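Here is a briefing for a reader who is meeting this structure for the first time. Please keep the sequence and the model in view while reading.

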Amino acid sequence: MNTDMQNNTGNSDPLEEHVLHFWQPYTFKTAEGYDYLRRGFFKRLSNTLLRIVVAILFNPLNRMILGLKVEGRENIRKVKHKGYVFITNHVHAVDCTFIDCLIPFKRLYYVTLESNFQIPVVRHLIRILNAIPIPSSTRCIKEFLDNMDKAIAYGSVVCMYPECYLLPYYKGVRKFKKGAFHIAIKNKCPILPMVVTFREPDGIFRYIKKNPCITITVLNPVYTENMGNTIKDEINLMETCQTIMKSYADSMHNL
């Protein structure tokens, strides 16, 4: 699994390369013993306070600036008493705020690239918001995965972008990596898929927006209790979720 998890962050498809490039003057590498879960009192307090700020700022801003609409909230209630893996396509620079505002009362962890911890200011904010770096060191991968297991056992949500790389306003669902599905099957926890789609601006947005408006749709949970813990099962689960999400995205963009 160590090599596979690292492969999950690599890419050969040009569509999987970052389109947005940020200034990264700092160096960062996940060390052994890294505090992934940040369960200390003051760390939890700072996370709660910053999430309140995010909710106050981004809830109205996302609706006013991006034209954000939310569908399928009822599907979150189906897994509200469990720890689970949350997956979504990665098509907007602030799509993590969609998730944070969508699931306000659960502890969230965002799995992200180490390179995001090299960006000034942002690296501190995402750390407080429980962003978790995928280690580039093979020997740290097991520790990373063990902490993801603990997060789910504590009833938290592990948020992952199976496409790995941001491609702004991409209409569709790209090829997945299987790290999220390994974690879900290992822990026999649900996967909750969300799809970000785009629609033509209407109403006042026709006059103030150049980019499409955004709709986020939470789909039905995919359960893993009866799945085996093999690479084949992980691939089958990955392909199932990718098919579900791609079919939904395609149907919305073809309206």
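Buried means under 20% relative accessible area, exposed means over 50%, and partly exposed lies in between, using a 1.4 Å probe and the protein chains only. By that scale isoleucine 56 counts as exposed, because its relative accessibility is 57%. This is a predicted model, in which local features need pLDDT of at least 70 and side-chain atom pairs count only at pLDDT 80 or more, while totals for chains, interfaces and linings use all residues. Residues are numbered from 1 along each chain as its sequence is written, and side-chain values use heavy atoms, with hydrogens and water left out.

- Isoleucine 56 lies in helix α2, which covers residues 41-65; helices (H or I, at least four residues) and strands (E, at least two) are DSSP runs, numbered from the N terminus.
- Phe41, Phe42, Leu45, Leu49, Ile52 and Ile56 make a nonpolar surface patch of about 670 Å².
- Patches are made of residues with over 30% relative accessible area and no salt bridge, where like charges are joined within 9 Å and nonpolar side chains (Val, Leu, Ile, Met, Phe, Trp, Tyr) within 5 Å, and accessible areas come from the Shrake-Rupley method with a 1.4 Å probe, only the protein chains shown counting as cover for residues.
- Isoleucine 52 is also found in helix α2, and it counts as partly exposed because its relative accessibility is 44%.
- The C-alpha atoms of isoleucine 52 and threonine 197 are separated by 26 Å, and these two residues are 145 apart along the chain.

**Salt bridges**

- The whole structure holds 8 salt bridges, each being a side-chain nitrogen of Lys or Arg within 4 Å of a carboxyl oxygen of Asp or Glu.
- Arginine 139 forms one of them with glutamate 32, with the closest N and O atoms 3.1 Å apart.
- That pair links distant parts of the chain, since arginine 139 is in helix α6 (residues 138-153) and glutamate 32 is in the loop between α1 (2-7) and α2, 107 residues apart; both arginine 139 and glutamate 32 are exposed.
- Aspartate 100 and arginine 51 meet through their side chains in another salt bridge, at 3.0 Å from N to O, and this pair joins helix α4 (residues 95-102) to helix α2 across 49 residues of sequence.
- Aspartate 100 is buried, with a relative accessible area of 7%, and arginine 51 counts as buried at 11%.
- Aspartate 35 pairs with lysine 43, the closest N and O atoms being 2.6 Å apart; aspartate 35 is partly exposed at 29%, and lysine 43 is partly exposed at 32%.

**Helix α7 and its packing on α9**

- Helix α7 is largely enclosed by the rest of the structure, because 7 of its 9 residues are buried.
- Helix α7 (residues 179-187) and helix α9 (residues 231-253) pack with their axes 9 Å apart, at an angle of about 115°; axes are lines fitted to C-alpha atoms, for helices over the stretch in contact, and angles run from 0 to 180 degrees between N-to-C directions.
- Phe181, His182, Ala184 and Ile185 in α7 meet Asp233, Glu234, Leu237, Met238 and Cys241 in α9, where contact means heavy atoms within 4.5 Å.

**Asparagine 89**

- Asparagine 89 sits in the loop between β2 (84-88) and α4, and it is buried, with a relative accessible area of 0%.
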